[in-house]
Amino acid sequence: MISDPGYLRRRWVNRIMVSLSTLAAAIAIALLILILGYTLFRGIAFINLDFLTQAAKPAGEAGGGMRNEIIGTLILIALGSLLALPIGLMAGIFLAEFGNPRINAVVRFGADILAGVPSIVIGVFAYAIVVKPMHSYSAFSAGVALAIIMIPVVARTAEEAMKLVPGSLREAALALGITRWRSVIGVVIPGAITGIVTGIMLAVARIAGETAPLIFTALGNAFGFDGLDKPISALPLQIYRYALSAYPDQNQQAWAGAFLLIVLVLLISLLVRWISGRRR
Amino acid sequence: MSKNNLERRIWSEGKTPYSAFWAGGDNLKSDKTCETTPFPIQPAKSAARIRRVRSIGDRIFPRFTLILAVLVLVILVGIIVILFLDAMPAIKQFGLSFFGSTDWDPVNERFGALPAIYGTLLSSFIGLIIAIPLSIGAAIFLSELAPAWIRSPASFLVELLAAIPSVIIGLWGLFILVPFIRHPVESWLGDKLGFLPLFQGPPFGVGFLAAGIILAIMITPIITAVSRDAMKAVPDTQREAMYALGATRWETISRAVLPYCRSGLIGAVILGLARALGETMAVTMVIGNSYKMTASLFSPGTTIASKIASEFSEASGEIFIGSLVELALVLFVITLLVNIIARLLVWRLTTVKVEGI
């Protein structure tokens, strides 16, 4: 039977296709290692104390750092989270606890669609509703854009996390005479807190590297943070500008900035994996 | 009157028996046939107050969450309305000719979207052609072939690729991928396949080909993740039936697993397409920003997103800004349609799964 030509052919097809699938997975992982490894390798060479603590120098001058950009990115993450978390969490609570099937389907669909809107379009929207009326590029407008990107992620992950809390816990709380909203605040949310925090961290990782909506909302600011109604600089924005710059010094700084950004995102991703792994 | 009758009487007044007690039991006292009060009436007042306080919280909180949930929808609708209003000057000025014109002339204020739409579709198409075999293959490996100890870390690594910020992939693309494409890839393709219009012209490095490859890298994780989940949802009985018939591993995958989760796979690809259409930074950095329409993949080009990213902050004048906003509106509508199709397909997959149980 082994020498049957039909069987041999099938066995060869099987071997080839199985190896091709394995190869595809290997390529995907190799791409990650290439990009990640190269960025870390190129970037770490230019990281030093000056880079972390000094402001940017004018083009062509050696030295200088990304202090303002690092601070700006942290401020923008905080601002985006501040605007997005209440809305996202409450929408998630509604979907998991109070909604009826029909409204839920609509809200869920809307959140999924909002999550799929290209970030550049959200930037144009933030420009139209904040920058234009205020007649100024501002940190606040960038925060609004980042918040709109965060909201659907936070809402959907919070909903999923709260749905995993067993119904018997809610019933036990209600049986003790607690009202429904107190049972949500006091029982369901603490029960789902790891899932909710994981979702928030994923959303933060996403907006930390977001560049497109910042170009015409945050704009960039060479003089550091100057108030929420003034332009602000951000790490990804500066990487973009320096990458396209003609000065090798600035290209190097772009790699160093990329190193910082990628380390931040990697840390968050690993933390999320560690938390959700522990939960299982 | 028996107790049952009493209860029925109170029910018929639209009250529960307990609320009758809380209300002070007047109904019961006035009922002569009821010899004894079945329950002490003392805590009536405080209980009523607690109930009122509770019901305020229970009335306000769900409504508050409802308002913020609806706000998500308001934002979505707001994006459409605001973009439409801001694009109005350009829509009025150009009408439908906006979509047929290849002009982009800020000095004379004549604008058309055709090269940007062409570039968006072409680069996404190249990205899909490369990404589909790569990610379906990777998904088959992760869901069907990999031993258990490799499965979870490998999935994590593939998904980590999606977490790398787009600007960093663009930086890598600009300094590593573009020189690589310029020298071995494009010069080789030009040599061997130069008779096709696709591969003619000088090898710049930056251009549609580079943008397509970068997009393929960026959408591979999402297509892999969604199609892997779709394959995992295929019941084991399907595979076992194939093996029982003497099928090889590949025959099982290609004839039982893949057909069963077809709509999920198509949904995954379309989700990837939606990502590719809207991807901005990495593409802006490697596509070369030239407002041309050529068949050559080596030629620098532009996409809707990269046009907005590179010109919006410097644009002035109602018509110029309006045209850029109209581009954003076009991009929004395209991705909206693509996303809706993908969601419906992925949802159909989950309903099939529920029916199968």
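Select B:Asn289 to begin: this residue is partly exposed, because 19 other C-beta atoms lie within 10 Å (a residue is buried with 20 or more other C-beta atoms within 10 Å of its own, exposed with 12 or fewer, and partly exposed in between, the C-beta atoms being placed from the backbone). B:Asn289 sits in the loop between helix H12 (281-286) and helix H13 (304-311) of chain B, where helices (H or I, at least four residues) and strands (E, at least two) are DSSP runs numbered from the N terminus. Its phi is positive, about 50 degrees, although B:Asn289 is not a glycine. Most residues other than glycine have a negative phi.

The model is predicted, and local features need a pLDDT of at least 70, while side-chain atom pairs count only at pLDDT 80 or more and totals for chains, interfaces and linings use all residues. Residues are numbered from 1 along each chain as its sequence is written, and chains are lettered from A and ligands numbered from 1 in the order in which they are written.

Go next to B:Glu109, a residue other than glycine with a positive phi, near 55 degrees. B:Glu109 belongs to the loop between strand S1 (104-105) and strand S2 (110-111) of chain B, and with 16 C-beta neighbours inside 10 Å it counts as partly exposed.

Now colour by pLDDT, the predictor's confidence in each residue on a scale from 0 to 100. Chain A averages 91, with 98% of the residues scoring at least 70, whereas the mean for chain B is 83, with 82% of its residues reaching 70 or more. The model as a whole scores ipTM 0.92 and pTM 0.86.

Select residues 208-232 of chain B, which form helix H8. The 25 residues of H8(B) should span 36 Å at 1.5 Å a residue, and the end C-alpha atoms are 35 Å apart, which agrees; the expected span is 1.5 Å times one less than the number of residues. H8(B) bends by about 35 degrees at B:Ile219, and a proline, B:Pro221, follows within four residues, the bend being the angle between axes fitted to the seven residues ending at a position and the seven starting there. Of the 25 residues of H8(B), 23 are buried, so the helix is largely enclosed by the rest of the structure.

From here pick B:Ile214, which touches B:Ile169, B:Gly173, B:Leu177, B:Ala282, B:Val283 and B:Val286, leaving aside residues up to four places away in sequence. B:Ile214 is also among the residues with the most contacts inside the largest nonpolar core, a group that includes A:Val124 and B:Ala210, and that core has 189 residues (a nonpolar core is a set of buried Ala, Val, Leu, Ile, Met, Phe, Trp, Tyr and Cys residues joined through C-beta atoms within 7 Å).

Turn to chain A and select helix H3 (residues 67-98), whose 32 residues reach 45 Å from first C-alpha to last, close to the 46 Å expected at 1.5 Å a residue. H3(A) bends by about 35 degrees at A:Ala84, and A:Pro86, a proline, follows within four residues.

Finally, show both chains: the contact takes 71 residues from chain B and 72 residues from chain A. On the side of chain B that touches chain A, helix H4 (residues 44-94) of chain B gives the most, with 19 residues. Within H4 of chain B lies B:Leu73, which touches A:Val106, A:Val107 and A:Gly110, not counting residues up to four places away in sequence. B:Leu73 is partly exposed, with 18 other C-beta atoms within 10 Å.

End at A:Pro152 in helix H6 (residues 139-163) of chain A, which counts as buried with 26 C-beta neighbours inside 10 Å. Residues touched by A:Pro152 include A:Ala111, A:Leu114 and, on the other chain, B:Val72.

Terms used. Contact = placed C-beta atoms within 7 Å.
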